[in-house]
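Me: I have a structure open and would like to go through it slowly. Can you help me make sense of it?

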Amino acid sequence: QPELAGDFGTLMVWADKVRRLRIRANAETPADCRTARDFGAEGVGLCRTEHMFFDAARITAVRQMILAADEKGRRAALDKLLPEQRADFTEIFEVMAGLPVTIRLLDPPLHEFLPHEEDEFAEVAAAAGVDVETLKRRAAELHEFNPMLGHRGCRLGVTYPEIYEMQARAIFEAACDVAAKSGAAVVPEVMIPLVATKRELELMKAVVDKAAEAVFAEKDRRLDYLVGTMIELPRAALKAGEIADAAAFFSFGTNDLTQTTLGVSRDDAGRFLTTYVDKGIYATDPFVSIDVEGVGELIEIAATRGRATRPGIKLGICGEHGGDPASIRFCEGLGLDYVSASPYRVPIARLAAAQAALKK
Ligand code: PEP
Ligand code: MG
(Lines give C-alpha, C1' and ligand atoms only; values in the text may rest on other atoms or scores of the structure.)
(Ligands and ions follow the chains in the order given, each with its own letter.)
Protein backbone atom coordinates (compact mmCIF):
# COMPACT_ATOMS: atom_id res chain seq x y z
CA GLN A 1 0.00 0.00 0.00
CA PRO A 2 2.41 2.71 -1.19
CA GLU A 3 -0.01 5.60 -0.55
CA LEU A 4 -0.31 4.63 3.05
CA ALA A 5 3.35 4.38 3.97
CA GLY A 6 5.04 6.00 6.97
CA ASP A 7 3.21 7.24 10.06
CA PHE A 8 -0.10 7.26 8.23
CA GLY A 9 0.36 3.60 7.36
CA THR A 10 1.16 2.81 11.00
CA LEU A 11 -2.01 4.58 12.10
CA MET A 12 -4.01 2.47 9.66
CA VAL A 13 -2.48 -0.72 11.08
CA TRP A 14 -3.53 0.36 14.58
CA ALA A 15 -7.00 1.25 13.30
CA ASP A 16 -7.41 -2.15 11.67
CA LYS A 17 -6.54 -3.89 14.94
CA VAL A 18 -9.44 -2.33 16.79
CA ARG A 19 -12.17 -1.79 14.21
CA ARG A 20 -14.98 -4.29 13.83
CA LEU A 21 -16.74 -2.83 10.78
CA ARG A 22 -15.50 -4.01 7.41
CA ILE A 23 -14.65 -1.28 4.93
CA ARG A 24 -15.56 -1.65 1.28
CA ALA A 25 -15.44 0.77 -1.62
CA ASN A 26 -17.89 2.11 -4.17
CA ALA A 27 -16.10 1.44 -7.44
CA GLU A 28 -17.02 0.53 -11.00
CA THR A 29 -13.76 0.77 -12.93
CA PRO A 30 -10.65 -1.40 -12.57
CA ALA A 31 -8.67 1.79 -11.79
CA ASP A 32 -11.03 2.71 -8.93
CA CYS A 33 -10.90 -0.87 -7.67
CA ARG A 34 -7.09 -0.74 -7.65
CA THR A 35 -7.12 2.55 -5.73
CA ALA A 36 -9.62 1.08 -3.30
CA ARG A 37 -7.43 -1.98 -2.70
CA ASP A 38 -4.35 0.20 -2.26
CA PHE A 39 -6.23 2.16 0.39
CA GLY A 40 -7.22 -1.03 2.19
CA ALA A 41 -10.76 -1.71 0.95
CA GLU A 42 -11.93 -5.22 1.82
CA GLY A 43 -14.26 -5.56 -1.14
CA VAL A 44 -16.51 -3.56 -3.43
CA GLY A 45 -19.73 -2.57 -1.67
CA LEU A 46 -21.31 -0.89 -4.66
CA CYS A 47 -20.49 -1.26 -8.34
CA ARG A 48 -22.94 1.04 -10.13
CA THR A 49 -23.35 -0.65 -13.50
CA GLU A 50 -25.23 2.23 -15.14
CA HIS A 51 -21.94 4.12 -15.30
CA MET A 52 -20.67 1.41 -17.63
CA PHE A 53 -23.62 1.98 -19.96
CA PHE A 54 -22.81 5.66 -20.54
CA ASP A 55 -19.51 4.80 -22.17
CA ALA A 56 -19.41 6.72 -25.48
CA ALA A 57 -18.74 3.55 -27.45
CA ARG A 58 -21.86 1.79 -26.21
CA ILE A 59 -24.44 4.46 -25.67
CA THR A 60 -25.98 3.81 -29.09
CA ALA A 61 -26.57 0.14 -28.27
CA VAL A 62 -27.98 1.20 -24.89
CA ARG A 63 -30.35 3.64 -26.54
CA GLN A 64 -31.31 1.00 -29.07
CA MET A 65 -32.17 -1.34 -26.20
CA ILE A 66 -34.28 1.22 -24.35
CA LEU A 67 -36.12 2.44 -27.43
CA ALA A 68 -36.75 -1.01 -28.93
CA ALA A 69 -40.43 -1.65 -29.55
CA ASP A 70 -40.34 -5.22 -28.25
CA GLU A 71 -38.30 -7.88 -26.51
CA LYS A 72 -36.76 -9.04 -29.80
CA GLY A 73 -35.39 -5.56 -30.47
CA ARG A 74 -34.08 -5.28 -26.91
CA ARG A 75 -32.39 -8.66 -27.17
CA ALA A 76 -30.64 -7.62 -30.39
CA ALA A 77 -29.11 -4.64 -28.58
CA LEU A 78 -28.34 -6.69 -25.46
CA ASP A 79 -26.42 -9.21 -27.58
CA LYS A 80 -24.07 -6.37 -28.52
CA LEU A 81 -23.69 -5.30 -24.88
CA LEU A 82 -23.12 -8.75 -23.33
CA PRO A 83 -19.44 -9.22 -24.33
CA GLU A 84 -18.65 -5.69 -23.17
CA GLN A 85 -20.33 -6.19 -19.80
CA ARG A 86 -18.52 -9.50 -19.41
CA ALA A 87 -15.21 -7.70 -20.02
CA ASP A 88 -16.14 -4.99 -17.45
CA PHE A 89 -16.77 -7.58 -14.75
CA THR A 90 -13.79 -9.73 -15.70
CA GLU A 91 -11.40 -6.85 -15.04
CA ILE A 92 -13.09 -5.96 -11.76
CA PHE A 93 -13.08 -9.57 -10.51
CA GLU A 94 -9.42 -9.86 -11.45
CA VAL A 95 -8.46 -6.77 -9.45
CA MET A 96 -10.66 -7.75 -6.50
CA ALA A 97 -9.83 -11.48 -6.56
CA GLY A 98 -10.42 -13.08 -3.18
CA LEU A 99 -12.69 -10.24 -2.00
CA PRO A 100 -16.46 -9.82 -2.28
CA VAL A 101 -17.80 -7.64 -5.09
CA THR A 102 -21.32 -6.27 -4.86
CA ILE A 103 -22.60 -5.56 -8.34
CA ARG A 104 -25.76 -3.55 -8.55
CA LEU A 105 -27.95 -4.22 -11.55
CA LEU A 106 -28.91 -1.28 -13.72
CA ASP A 107 -30.38 1.74 -11.93
CA PRO A 108 -30.48 4.83 -14.13
CA PRO A 109 -33.19 7.41 -14.29
CA LEU A 110 -34.49 6.50 -17.74
CA HIS A 111 -34.17 10.00 -19.22
CA GLU A 112 -30.38 9.73 -18.96
CA PHE A 113 -30.49 7.02 -21.63
CA LEU A 114 -32.81 8.72 -24.07
CA PRO A 115 -31.37 10.47 -27.14
CA HIS A 116 -32.05 14.18 -27.46
CA GLU A 117 -30.19 15.42 -30.52
CA GLU A 118 -31.09 14.67 -34.15
CA ASP A 119 -27.78 12.93 -34.82
CA GLU A 120 -28.29 10.72 -31.75
CA PHE A 121 -31.69 9.60 -33.03
CA ALA A 122 -30.19 9.03 -36.48
CA GLU A 123 -27.42 6.83 -35.06
CA VAL A 124 -29.86 4.68 -33.07
CA ALA A 125 -32.19 4.43 -36.07
CA ALA A 126 -29.33 3.17 -38.26
CA ALA A 127 -28.21 0.65 -35.59
CA ALA A 128 -31.74 -0.63 -35.00
CA GLY A 129 -32.90 -0.53 -38.62
CA VAL A 130 -35.98 1.58 -37.85
CA ASP A 131 -37.02 5.07 -38.89
CA VAL A 132 -36.27 8.14 -36.81
CA GLU A 133 -39.93 9.15 -36.39
CA THR A 134 -40.77 5.80 -34.78
CA LEU A 135 -37.91 6.26 -32.33
CA LYS A 136 -39.02 9.77 -31.44
CA ARG A 137 -42.53 8.55 -30.73
CA ARG A 138 -41.14 5.84 -28.48
CA ALA A 139 -38.88 8.34 -26.66
CA ALA A 140 -41.91 10.57 -26.07
CA GLU A 141 -43.80 7.58 -24.59
CA LEU A 142 -40.93 6.96 -22.18
CA HIS A 143 -40.62 10.58 -21.09
CA GLU A 144 -41.18 11.15 -17.35
CA PHE A 145 -41.74 14.36 -15.42
CA ASN A 146 -40.11 12.96 -12.26
CA PRO A 147 -37.50 10.45 -13.43
CA MET A 148 -35.99 9.99 -9.95
CA LEU A 149 -39.40 8.73 -8.80
CA GLY A 150 -40.04 6.92 -12.02
CA HIS A 151 -39.03 4.00 -14.15
CA ARG A 152 -35.65 3.30 -12.59
CA GLY A 153 -33.99 0.63 -10.45
CA CYS A 154 -35.68 -2.75 -10.35
CA ARG A 155 -38.75 -1.22 -12.01
CA LEU A 156 -36.72 -1.30 -15.20
CA GLY A 157 -35.82 -4.93 -14.53
CA VAL A 158 -39.44 -5.84 -13.83
CA THR A 159 -40.60 -4.31 -17.14
CA TYR A 160 -37.61 -5.51 -19.17
CA PRO A 161 -36.25 -8.62 -17.38
CA GLU A 162 -33.96 -9.37 -20.34
CA ILE A 163 -31.75 -6.42 -19.29
CA TYR A 164 -31.09 -7.91 -15.84
CA GLU A 165 -30.76 -11.35 -17.41
CA MET A 166 -27.95 -10.06 -19.68
CA GLN A 167 -26.19 -8.42 -16.74
CA ALA A 168 -26.48 -11.53 -14.55
CA ARG A 169 -25.15 -13.69 -17.38
CA ALA A 170 -22.19 -11.31 -17.84
CA ILE A 171 -21.46 -11.41 -14.08
CA PHE A 172 -21.47 -15.21 -13.84
CA GLU A 173 -19.58 -15.78 -17.09
CA ALA A 174 -16.88 -13.36 -15.92
CA ALA A 175 -16.81 -14.83 -12.40
CA CYS A 176 -16.43 -18.41 -13.69
CA ASP A 177 -13.70 -17.39 -16.16
CA VAL A 178 -11.68 -15.48 -13.56
CA ALA A 179 -12.07 -18.27 -10.98
CA ALA A 180 -10.91 -20.84 -13.55
CA LYS A 181 -7.93 -18.73 -14.65
CA SER A 182 -6.70 -17.40 -11.31
CA GLY A 183 -7.80 -20.12 -8.93
CA ALA A 184 -8.77 -17.31 -6.52
CA ALA A 185 -12.15 -17.10 -4.87
CA VAL A 186 -14.51 -14.91 -6.89
CA VAL A 187 -17.42 -13.83 -4.76
CA PRO A 188 -20.21 -12.02 -6.61
CA GLU A 189 -22.95 -10.39 -4.59
CA VAL A 190 -25.71 -9.35 -6.97
CA MET A 191 -27.72 -6.40 -5.71
CA ILE A 192 -31.19 -5.32 -6.83
CA PRO A 193 -31.85 -1.57 -6.61
CA LEU A 194 -34.86 0.48 -5.52
CA VAL A 195 -36.86 -2.44 -4.19
CA ALA A 196 -40.07 -1.52 -2.36
CA THR A 197 -41.76 -4.93 -2.13
CA LYS A 198 -40.79 -8.54 -1.57
CA ARG A 199 -42.42 -9.56 -4.86
CA GLU A 200 -40.16 -7.24 -6.87
CA LEU A 201 -37.13 -8.84 -5.27
CA GLU A 202 -38.46 -12.38 -5.79
CA LEU A 203 -39.03 -11.72 -9.49
CA MET A 204 -35.57 -10.24 -10.00
CA LYS A 205 -33.85 -12.91 -7.89
CA ALA A 206 -35.48 -15.57 -10.07
CA VAL A 207 -33.97 -13.91 -13.17
CA VAL A 208 -30.51 -13.84 -11.54
CA ASP A 209 -30.70 -17.43 -10.25
CA LYS A 210 -31.82 -18.71 -13.66
CA ALA A 211 -28.93 -16.98 -15.41
CA ALA A 212 -26.49 -18.33 -12.79
CA GLU A 213 -27.72 -21.91 -13.28
CA ALA A 214 -27.50 -21.61 -17.07
CA VAL A 215 -23.92 -20.29 -16.92
CA PHE A 216 -22.81 -22.88 -14.33
CA ALA A 217 -24.15 -25.67 -16.58
CA GLU A 218 -22.38 -24.24 -19.65
CA LYS A 219 -19.09 -23.73 -17.81
CA ASP A 220 -19.32 -26.93 -15.78
CA ARG A 221 -18.41 -24.97 -12.64
CA ARG A 222 -20.39 -23.70 -9.66
CA LEU A 223 -19.63 -20.60 -7.61
CA ASP A 224 -21.03 -19.32 -4.36
CA TYR A 225 -22.89 -16.07 -4.82
CA LEU A 226 -25.44 -13.97 -2.98
CA VAL A 227 -28.48 -12.07 -4.15
CA GLY A 228 -29.55 -9.16 -1.99
CA THR A 229 -31.15 -5.78 -2.16
CA MET A 230 -30.67 -2.11 -1.57
CA ILE A 231 -32.85 -0.71 1.17
CA GLU A 232 -33.34 2.84 -0.07
CA LEU A 233 -37.06 3.45 0.13
CA PRO A 234 -39.01 3.93 3.38
CA ARG A 235 -41.42 1.18 2.35
CA ALA A 236 -38.55 -1.27 1.96
CA ALA A 237 -37.25 -0.37 5.42
CA LEU A 238 -40.68 -0.96 6.96
CA LYS A 239 -41.22 -4.23 5.07
CA ALA A 240 -37.66 -5.45 5.68
CA GLY A 241 -38.98 -8.43 7.65
CA GLU A 242 -40.73 -9.75 4.53
CA ILE A 243 -38.03 -8.68 2.10
CA ALA A 244 -35.36 -10.52 4.11
CA ASP A 245 -37.10 -13.78 3.11
CA ALA A 246 -35.67 -13.25 -0.39
CA ALA A 247 -32.50 -11.28 0.42
CA ALA A 248 -29.14 -12.65 1.56
CA PHE A 249 -28.04 -9.10 2.35
CA PHE A 250 -29.27 -5.55 2.69
CA SER A 251 -27.26 -2.54 1.65
CA PHE A 252 -28.70 0.75 2.82
CA GLY A 253 -28.73 3.31 0.01
CA THR A 254 -28.70 6.33 2.27
CA ASN A 255 -28.69 8.82 -0.63
CA ASP A 256 -32.10 7.74 -1.89
CA LEU A 257 -33.33 6.83 1.58
CA THR A 258 -32.58 10.38 2.74
CA GLN A 259 -34.20 11.85 -0.35
CA THR A 260 -37.37 9.79 -0.03
CA THR A 261 -37.71 9.99 3.74
CA LEU A 262 -37.24 13.75 3.95
CA GLY A 263 -38.89 14.46 0.60
CA VAL A 264 -35.84 16.57 -0.32
CA SER A 265 -34.18 16.22 -3.73
CA ARG A 266 -30.65 14.86 -3.38
CA ASP A 267 -29.66 16.86 -6.46
CA ASP A 268 -30.94 20.27 -5.34
CA ALA A 269 -30.83 20.06 -1.55
CA GLY A 270 -27.79 22.31 -1.07
CA ARG A 271 -29.90 25.35 -1.91
CA PHE A 272 -31.75 25.57 1.37
CA LEU A 273 -30.33 22.93 3.70
CA THR A 274 -27.61 25.26 5.01
CA THR A 275 -30.36 27.60 6.23
CA TYR A 276 -32.10 24.61 7.77
CA VAL A 277 -28.96 23.61 9.66
CA ASP A 278 -28.34 27.25 10.72
CA LYS A 279 -31.85 27.46 12.14
CA GLY A 280 -31.48 24.15 13.96
CA ILE A 281 -34.14 22.34 11.90
CA TYR A 282 -31.65 19.56 11.14
CA ALA A 283 -28.60 19.01 13.35
CA THR A 284 -26.36 18.51 10.30
CA ASP A 285 -26.77 18.26 6.54
CA PRO A 286 -28.75 14.99 6.24
CA PHE A 287 -27.03 14.20 2.93
CA VAL A 288 -23.64 14.30 4.68
CA SER A 289 -24.36 12.67 8.05
CA ILE A 290 -27.21 10.23 8.60
CA ASP A 291 -30.30 11.99 9.94
CA VAL A 292 -30.34 9.76 13.00
CA GLU A 293 -33.88 10.54 14.12
CA GLY A 294 -35.53 9.97 10.74
CA VAL A 295 -33.46 8.00 8.25
CA GLY A 296 -31.53 6.40 11.11
CA GLU A 297 -34.69 5.12 12.72
CA LEU A 298 -35.75 3.53 9.44
CA ILE A 299 -32.35 1.84 9.15
CA GLU A 300 -32.69 0.54 12.68
CA ILE A 301 -36.20 -0.77 11.99
CA ALA A 302 -35.00 -2.50 8.82
CA ALA A 303 -31.99 -4.04 10.58
CA THR A 304 -34.13 -5.33 13.44
CA ARG A 305 -36.88 -6.72 11.19
CA GLY A 306 -34.42 -8.16 8.69
CA ARG A 307 -32.48 -9.93 11.44
CA ALA A 308 -35.70 -11.28 12.98
CA THR A 309 -36.50 -13.04 9.68
CA ARG A 310 -32.95 -14.00 8.75
CA PRO A 311 -30.60 -14.05 11.74
CA GLY A 312 -27.11 -13.05 10.63
CA ILE A 313 -28.30 -11.31 7.43
CA LYS A 314 -25.36 -9.34 6.04
CA LEU A 315 -25.94 -5.60 6.50
CA GLY A 316 -24.02 -2.67 5.08
CA ILE A 317 -24.40 0.84 3.81
CA CYS A 318 -23.29 2.20 0.46
CA GLY A 319 -24.63 5.75 0.25
CA GLU A 320 -22.27 8.73 0.51
CA HIS A 321 -22.68 8.48 4.29
CA GLY A 322 -20.47 5.37 4.24
CA GLY A 323 -17.42 7.66 4.29
CA ASP A 324 -18.70 10.03 6.98
CA PRO A 325 -17.31 9.47 10.50
CA ALA A 326 -20.52 10.39 12.38
CA SER A 327 -22.54 8.04 10.16
CA ILE A 328 -19.94 5.30 10.60
CA ARG A 329 -20.38 5.69 14.38
CA PHE A 330 -24.10 5.20 13.87
CA CYS A 331 -23.48 2.05 11.78
CA GLU A 332 -21.18 0.65 14.46
CA GLY A 333 -23.93 1.27 17.03
CA LEU A 334 -26.33 -0.87 14.99
CA GLY A 335 -23.72 -3.60 14.52
CA LEU A 336 -23.79 -3.41 10.72
CA ASP A 337 -21.23 -5.62 8.97
CA TYR A 338 -19.66 -3.05 6.64
CA VAL A 339 -19.68 0.46 5.26
CA SER A 340 -18.83 1.19 1.66
CA ALA A 341 -17.25 4.52 0.74
CA SER A 342 -15.66 6.09 -2.32
CA PRO A 343 -12.08 4.81 -2.75
CA TYR A 344 -10.37 7.95 -1.44
CA ARG A 345 -12.49 7.88 1.71
CA VAL A 346 -11.54 4.30 2.60
CA PRO A 347 -8.68 5.35 4.93
CA ILE A 348 -10.85 7.80 6.86
CA ALA A 349 -13.54 5.13 7.08
CA ARG A 350 -11.00 2.69 8.56
CA LEU A 351 -9.99 5.27 11.13
CA ALA A 352 -13.57 6.28 11.93
CA ALA A 353 -14.58 2.62 12.32
CA ALA A 354 -11.75 2.14 14.82
CA GLN A 355 -12.72 5.25 16.77
CA ALA A 356 -16.35 4.10 16.82
CA ALA A 357 -15.33 0.67 18.10
CA LEU A 358 -13.17 2.22 20.85
CA LYS A 359 -15.97 4.54 21.88
CA LYS A 360 -18.41 1.64 22.08
C1 PEP B 1 -28.05 5.42 -2.62
O2 PEP B 1 -29.15 5.74 -3.06
O3 PEP B 1 -27.64 5.71 -1.48
C4 PEP B 1 -27.11 4.67 -3.47
C5 PEP B 1 -25.98 4.21 -2.97
O6 PEP B 1 -27.42 4.52 -4.78
P7 PEP B 1 -27.25 5.72 -5.85
O8 PEP B 1 -26.50 6.83 -5.17
O9 PEP B 1 -26.54 5.16 -7.00
O10 PEP B 1 -28.69 6.06 -6.13
MG1 MG C 1 -29.93 4.82 -4.87
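Me: Let's start with D209, where is that one found?

Reply: This is a predicted model, and in it D209 is part of helix α10, which covers residues 198-219.

Me: Is D209 buried, exposed or something in between?

Reply: D209 counts as partly exposed, because 14 other C-beta atoms lie within 10 Å, and that number falls between the limit of 12 or fewer for exposed and the limit of 20 or more for buried.

Me: And how far is D209 from L226?

Reply: Although D209 and L226 are 17 residues apart along the chain, their C-alpha atoms are separated by 9.6 Å.

Me: OK, new topic: what surrounds ligand 1?

Reply: The residues around ligand 1 are L46, R48, E232, G253, T254, N255, D256, C318 and G319. Two elements, β2 (44-48) and α13 (254-262), each give two or more residues to this shell, and α13 provides the largest share with three residues.

Me: What kinds of residues are in that shell?

Reply: Sorted by class, the shell around ligand 1 has three charged, four polar and two nonpolar residues.

Me: Which residues does UniProt list under "binding site"?

Reply: The UniProt record, which is an unreviewed entry, lists E232 and D256 under that heading. They are spread over 25 residues of sequence, yet they cluster in space, with a largest C-alpha distance of 5.4 Å.

Me: Where does E232 sit, and why does it count as buried?

Reply: E232 lies in the loop between β5 (226-231) and α11 (234-238). It counts as buried because it has 27 C-beta neighbours inside 10 Å, where 20 or more are needed.

Me: What about helix α14, why is that said to lie largely in the open?

Reply: Helix α14 covers residues 270-278, and of its nine residues the number buried is zero, so this helix lies largely in the open. Just after α14 comes G280, which takes a positive phi of about 75 degrees.

Note on methods: Residues numbered from 1 in each chain as written. Chains lettered and ligands numbered in written order. Predicted model: local features only at pLDDT ≥ 70, side-chain atom pairs only at ≥ 80, totals over all residues. Near = placed C-beta within 6 Å. Helix = DSSP H or I, 4+ residues; strand = E, 2+ residues; numbered from the N terminus. Nonpolar A, V, L, I, M, F, W, Y, C, P; charged D, E, K, R; others polar. UniProt positions renumbered as here; feature names shortened; annotations may be inferred.
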